[in-house]
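Hi,

Here is the structure I said I'd pass on.

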Amino acid sequence: MIRDPRDHPELLAVVHRYVTPERRYLKLGGGLLRMHSPECDRFMRDLHEDAGLITADEIAKLLEGGWRERRTAAWLIAVSRRTEFRERLGKLLLASEVCCAGLAYSVALASFGTARDADLLAAYLDRYLRRPDLGYDQTVVMGALQFIGLNLGGGQADRFRQPGGLWQQWLQDAPHMQGDSDPRLSSLSLIRRLCAFIDECAEAR
């Protein structure tokens, strides 16, 4: 069940503290890469500070909210390296209950970068590459899986990318992908740059 902060005072208080200041939730994603100093430095310091301050209970509350709350929670989880939320993020990604949060889940899992994170991303692709009618987060999840594979030195994404495999079939059958080139490289680049931002933010002072 998705909770509306307006109906839950405790959740609303957490939203006011971590999600809505300076419309943070809108900036968490590709928009970060267009920031410049001093705005970027200040944003990074504030995110680093809040990632250290927010409690596990508050994160759990945000993950019960809508896309704004869940997107923000995933980034705070990534910056604070709270791998105890790995399975929860994997479940939320697979459920795809809300829009605009899949990239945040994917980046968080990619930043953790273990074989288990790869498994969670692969579970998503196993389900949603079979749904060409759904233009969800297939491309960024593939980018995140490739990112982990490159860092681990394995071929976690290979079974999807083989000739005639699920990835190729999805690209051919998904109406919204018609006429587009294979987005794997651009998605991998996006994930790599966002994970670099997370690493820098986690070490910000």
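This is a predicted model: local features need pLDDT of at least 70, side-chain atom pairs count only at pLDDT 80 or more; totals for chains, interfaces and linings use all residues.

Let me start with Thr 83, which sits in the loop between H5 and H6; helices here are DSSP runs of H or I with at least four residues, numbered from the N terminus. Thr 83 is partly exposed, at 36% relative accessible area (buried is under 20%, exposed over 50%, partly exposed in between, using a 1.4 Å probe and protein chains only). From Thr 83 to Arg 71 it is 12 residues in sequence and 16 Å in space, C-alpha to C-alpha.

Residues are numbered from 1 along each chain as its sequence is written, and side-chain values use heavy atoms, with hydrogens and water left out.

Now the helix packing. Helix H5 (residues 67-79) packs with H7 at an angle of about 10°, and their axes are 8 Å apart (axes are lines fitted to C-alpha atoms, for helices over the stretch in contact, and angles run from 0 to 180 degrees between N-to-C directions). That makes the pair roughly parallel, a label for angles under 35 degrees. On the H5 side the contact has Arg 70, Arg 71, Ala 74, Trp 75, Ile 77 and Ala 78, and these meet Ala 104, Tyr 105, Val 107, Ala 108, Ser 111 and Phe 112 in H7; contact means heavy atoms within 4.5 Å. By class, that contact has nine nonpolar, one polar and two charged residues (Ala, Val, Leu, Ile, Met, Phe, Trp, Tyr, Cys and Pro count as nonpolar, Asp, Glu, Lys and Arg as charged, and the others, Gly among them, as polar).

Another buried residue is Asp 50, with a relative accessible area of 6%, and its place is in helix H3. Leaving aside neighbours within four places in sequence, Asp 50 is in contact with Arg 17, Tyr 18, Arg 24 and Leu 76.

On to the charges. How many salt bridges does the count come to? The count is 15, taking a side-chain nitrogen of Lys or Arg within 4 Å of a carboxyl oxygen of Asp or Glu. Some of them:

- Glu 22 pairs with Arg 42, closest N and O atoms 2.9 Å apart. This links distant parts of the chain, 20 residues apart: Glu 22 is in the loop between H1 (9-18) and H2 (24-27), Arg 42 in H3 (residues 39-53). Arg 42 is partly exposed at 35% relative accessibility.
- Asp 133 and Arg 131 meet at 2.6 Å, N to O, and Arg 131 is partly exposed at 35%.
- Arg 161 and Asp 158 have their closest N and O atoms 2.7 Å apart. Being three residues apart in H10, they are separated by about one helical turn. Arg 161 is partly exposed at 32%, and Asp 158 is partly exposed at 40%.
- Glu 10, Asp 57 and Lys 61 are linked in a network of salt bridges.

Cheers

Note on methods
Helices (H or I, at least four residues) and strands (E, at least two) are DSSP runs, numbered from the N terminus. Angles under 35 degrees count as roughly parallel, over 145 as roughly antiparallel, 65 to 115 as roughly perpendicular and the rest as oblique.
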